[in-house]
Amino acid sequence: MYPIKLLHTSTTGTLMALRTILEFPDLRLRTIATPVTDFGSSLEALIDDMLETMYSAGGIGLAATQIDVHQRILVIDVSEDRNTPQVFVNPTFTISDQENLDYDEGCLSIPGFYETISRPKTVVIHSQDQHGKHFHLEANGILAVCIQHEIDHLDGKLMVDYISRLKRDRIRSKLEKKQKAL
Amino acid sequence: MQKTLNSRATAALILADLLNSKGSLSTALIKLRDRSDFPLIQELSFGCCRWYWLIQSQLEQFLNHPLRNKDRDIRCLLMIGIYQIREMGVADYAIINETVEAARELNKPWATGLVNGVLRAYLRDETLNSSKNKECPNTHPEWLSRLIKNQWPAQAITVLNANNLRPPMTLRINTQKISRMNYLNLLKKQNLAGSFGRTETAIILDAPCRVDVLPNFKEGFVSIQDEASQYVPGILDLKPKQYVLDACAAPGGKTCHMLEHEPTLKVTAIDVNSSRMQRLTDNLDRQNLSAKTIVADVKDTKKWWNEQHFDRILLDAPCSGTGVIRRHPDIKVLRTYDEVLSSVEIQKNLLKNLWKCLRPGGLFLYTTCSILREENETQIANFLKSTDTAKCESIKINWGVECEYGRQFLPDVSKSGHNPDGFFFSLLRKI
């Protein structure tokens, strides 16, 4: 299924904007994000932008780090119909099952590459929503993989950190070549 | 995180990896089990292997020059496109759209025109489409079809055609826990239909289903096992409390079956692969059975054998798998005759080294899922020549071709589902 561009109405009435997604090996992706303390209207606007950016890029998850905002915020939508956005502010997780899941992960910051990465299959998420309310959620399968992938972004970590140096360097040089051409 | 690749692109990458000789199709698919489009990916990759040689020769007619090696994924994608047109009842425009989209997702936008062009040209070519129900001559690699024709002249056409069919899903009922009739009734309640096989434990399902919908699977009432393997305990003539070696045991289908058949047996199960051995242990646990399990190279008897002779030995030897092509169609794509010869060498060593572990008067059952004489009859004939303590016993069962040194099951095209895998049995007694 090709991503369908959805129209979102902003909750704050401000104009939404598509943000630019940083691409590997941009060093800004290595920044460690700081916790969110202000749950005001500027946070809601940012989340709207993140959702818009994620949907338009055909992603299933986006971390604020990827649009060069270094706060601990994620948006995720793993649904088939792409109509179930989830927002996580200051998320952390604990592993609830030692069993691992191998998944071919792709990343909006590393476009066009997929690598098999093994992560815990079931995790419990501790997070706040966009209003600052705390919640817990047990996630498994694709949602668990996606949340762990996005929390990695907030810690300056990328999926290429899990694969061999040889593969990482190959991806780096291919992307650099592409970025130079643009 | 980016969306996962679409089903066609994923299947194309699996095939490309396979052609790059990285493992087997079933292991490549294991890690995708949790995906919602898993059945489609499985259908595309299995189907493409099943018809690989035919589709490949047809594809060549549409390519002006061959694709570069680094574009193997695009060649696989084209083959998947052709497979869908030939074998799957999907609307043509949908096949073309999705397959073109897959080329884009594979990061090769230059190939979208090629995919579109080739698939449309294929659709226009009536002669190729209409040939799909006729007998297809080139569905096997040349060396394999030649061997089959030479070794089984009377059955060759049937065997080659049977290798292109989908296998039945066959169950083994643990008759210690439930009768076959009662289990068939349990299946009926789940709207699953099946019929009795020729062995006392087999039920053949009319249509395959997921394992987790089988009634009382977790309680060990039932296992998945082809009917050919279910002949093993009967042929081995197992008696209470006998000391039995299962030499290449994992994943343990036959180990469990022997114990279900005769629960007082003392079975030693050995396999060299520790992760497959884990599956054997899981299977034993599920059925509440116990056996001594050892992870070791079984031909290295010094490492594991305590000099106590076995009453029965089952050697289900590693082989070319040419009897189970319908279950593992990638064998048709990847297997070479050199690999057959190296299996022959492995089997020879296993026979030689394990023979000393059998007590005089004891029975040794040699089996393979191969239909090639090199691994079967000739192997046993050579072994008998090398020792004077062995004699071949005749096997009296109601299926297969009687050979001089054993019994050969050949794949069959019977629609009723009563067609076990290609399999070879040879029963030897120590004098």
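Which residues point one way from strand 2 of chain A, and which the other way? Ile73(A) and Val75(A) point one way, Leu74(A) and Ile76(A) the other way, and all are buried. By buried I mean 20 or more other C-beta atoms within 10 Å of a residue's own; exposed is 12 or fewer, partly exposed is in between, and C-beta atoms are placed from the backbone.

Okay, housekeeping. This is a predicted model, so local features need pLDDT of at least 70 and side-chain atom pairs count only at pLDDT 80 or more, while totals for chains, interfaces and linings use all residues. Residues are numbered from 1 along each chain as its sequence is written, with chains lettered from A and ligands numbered from 1 in the order in which they are written.

On confidence, the model comes with ipTM 0.71 and pTM 0.81. Chain B has a mean pLDDT of 92, with 97% of its residues at 70 or more; pLDDT is the predictor's confidence in each residue, from 0 to 100.

Back to chain A. It has 3 helices and 5 strands, in the order α-β-β-β-β-β-α-α along the sequence. Those are DSSP runs numbered from the N terminus: helices are H or I, at least four residues, and strands are E, at least two. The radius of gyration of chain A is 16 Å, close to the 16 Å the globule rule gives for 182 residues, so chain A is as compact as a globular protein of that length. For the record, that radius is over C-alpha atoms, and the rule is 2.2 Å times the number of residues to the power 0.38.

So who are the partners of strand 2, residues 73-76? On one hand there's strand 1, residues 61-63, antiparallel over 3 bridges, with Leu62(A) opposite Val75(A). Then there's strand 3, residues 86-107, also antiparallel, joined by 4 bridges, and here Ile76(A) stands opposite Gln86(A). Pairing needs at least two DSSP bridges between the strands.

Gly58(A) is partly exposed, because 18 other C-beta atoms lie within 10 Å.

Now chain B, with 18 helices and 13 strands. Its C-alpha trace spans about 70 × 50 × 40 Å along the principal axes, and 43% of its 431 residues count as buried.

Where do the nonpolar residues gather? The largest nonpolar core has 64 residues, and those with the most contacts inside it are Ala247(B), Ile313(B), Leu315(B), Leu365(B) and Tyr366(B). A core here is a set of buried Ala, Val, Leu, Ile, Met, Phe, Trp, Tyr and Cys residues joined through C-beta atoms within 7 Å. Leaving aside neighbours within four places in sequence, Leu315(B) contacts Ala247(B), Cys248(B), Leu350(B), Leu351(B), Leu354(B) and Tyr366(B).

Last thing, the interface. How many residues does each chain put into the contact? It's 9 from chain B and 19 from chain A, where contact means C-beta atoms, placed from the backbone, within 7 Å. The chain B side divides into 2 nonpolar, 3 polar and 4 charged. In that tally Ala, Val, Leu, Ile, Met, Phe, Trp, Tyr, Cys and Pro are nonpolar, Asp, Glu, Lys and Arg charged, and the others, Gly among them, polar.

Methods:
Contact = placed C-beta atoms within 7 Å.
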